[in-house]
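Here is a short tour of a protein model for someone meeting it for the first time. Have a look at the sequence and the structure, then read on.

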Amino acid sequence: MLDKPILYNYFRSSTSVRVRIALNLKGIDYEYKALHLRKGEHQTKEYLKINPYGLLPAIEFPSRMILNQSLAILEYLDEIYPTPSIIPVNALERAKVRSMAYGIALEIHPLNNLHVLNYLKNDLALDGLGVKNWFSKWVHKAFIPFENVLQNDKESGLYCFGDTPTIVDICLFAQVVNNARFEVDMTKYPKINSIYQTCLSHDAFYKALPKNQPDAE
Ligand SMILES: N[C@@H](CCC(=O)N[C@@H](CS)C(=O)NCC(=O)O)C(=O)O
């Protein structure tokens, strides 16, 4: 038996940021196991035994059960450690929060993942500016309607859904953090920016930032 969960992750990985926030929110102590994405440490034989898809993060629980896919991990953590909850209890509200989180996690992240950007650079010979434009394009495509929804939704408050953090804020925060590296123009998103600032002032989010991790460069 391990004495605490092991999080296989990388300081800059936005899907790792998501899981770190949830662990912090729920006060779960964990071992930080860093794998360097740029050095390909997520593709070693050893790590492929942990996550056969070769993606970060993965979490190994004291029982030795291993989970990958950040959203599945967030949902599992919320079921096992329900307080504070990051997904509402009411079925319709749960669906709404999931739908908003997926609007970021499924519509932006997969298009802007490291292996996609590497393919654009190495196989399609896109230069640095081209890659940045690609990255921004998919962010804006989802952020424009997302901002609009937040501005008109009576349920949005200090956070995307009400006044406490949910999986939507977790996904949004991680995405906004990632946007900075690609110089995405964030001037048109006042509500997103205000929620990001609220998150930033929350310890659980702040501690999950790339710069606060042991492998930060
Ligand atoms: N849908 C997965 C995506 C995981 C993922 O793609 N993680 C990125 C880091 S943010 C990764 O490992 N990329 C490695 C690569 O693209 O080669 C999740 O939410 O966990």
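Let's start with α7 (residues 167–181) and helix α8 (residues 190–200), whose axes come within 10 Å and cross at roughly 100°. That makes α7 roughly perpendicular to α8. For the wording here, angles of 65 to 115 degrees count as roughly perpendicular, those under 35 as roughly parallel, those over 145 as roughly antiparallel, and the rest as oblique. The axes are lines fitted to C-alpha atoms, for helices over the stretch in contact, with angles running from 0 to 180 degrees between N-to-C directions. Helices (H or I, at least four residues) and strands (E, at least two) are DSSP runs, numbered from the N terminus.

On the α7 side, D169, L172, F173 and V176 make the contact, and on the α8 side I192, I195, Y196 and C199 do. Residues are in contact if their C-beta atoms, placed from the backbone, lie within 7 Å. By class, this contact of α7 with α8 has 7 nonpolar residues, no polar ones and 1 charged. Ala, Val, Leu, Ile, Met, Phe, Trp, Tyr, Cys and Pro count as nonpolar, Asp, Glu, Lys and Arg as charged, and the others, Gly among them, as polar.

A word on the model and its numbering. This is a predicted model, in which local features need pLDDT of at least 70 and side-chain atom pairs count only at pLDDT 80 or more, while totals for chains, interfaces and linings use all residues. Residues are numbered from 1 along each chain as its sequence is written.

## Another partner for α7

Helix α4 (residues 91–105) also meets α7: their axes come within 8 Å and cross at roughly 15°. So α4 is roughly parallel to α7. The crossing is left-handed, a label used if the near helix is turned anticlockwise from the far one by less than a right angle (right-handed if clockwise).

From α4, the contact takes in V97, M100, A101, I104 and A105, and from α7 it takes in I167, V168, C171, L172 and Q175. Sorted by class, that is 9 nonpolar residues, 1 polar and no charged.

## Two domains

How is the protein divided? It splits into domain 1 (7–84) and domain 2 (91–205), with bounds that come from an automatic or database domain assignment. Taken over C-alpha atoms, the domain centres are separated by 20 Å.

Where they touch, 12 residues of domain 1 are in contact with 16 residues of domain 2. On the domain 1 side, α1 and α3 each supply at least two residues, and α1 has the largest share, with 8 residues. That side divides into 8 nonpolar, 3 polar and 1 charged residues.

## Around the ligand

The ligand is surrounded by 13 residues, and the closest are S13, L55, S70, L114 and H115. A residue counts as near if its C-beta atom, placed from the backbone, lies within 6 Å. Two or more residues of this shell come from each of α1 (14–25), α3 (70–80) and α5 (114–122).

Both domains take part: the shell draws at least three residues from each of domain 1 and domain 2. Its residues divide into 5 nonpolar, 8 polar and no charged.

## Backbone details in the loops

A cis peptide bond joins L56 and P57, with omega about 0°. P57 is in the loop between α2 (45–50) and β3 (58–60). Another cis peptide bond joins T83 and P84, with omega about -10°, and P84 is found in the loop between α3 and α4.

Finally, R64 is in the loop between β3 and β4 (66–68). Phi of R64 is near 85°, a positive value in a residue other than glycine.

Methods. Contact = placed C-beta atoms within 7 Å.
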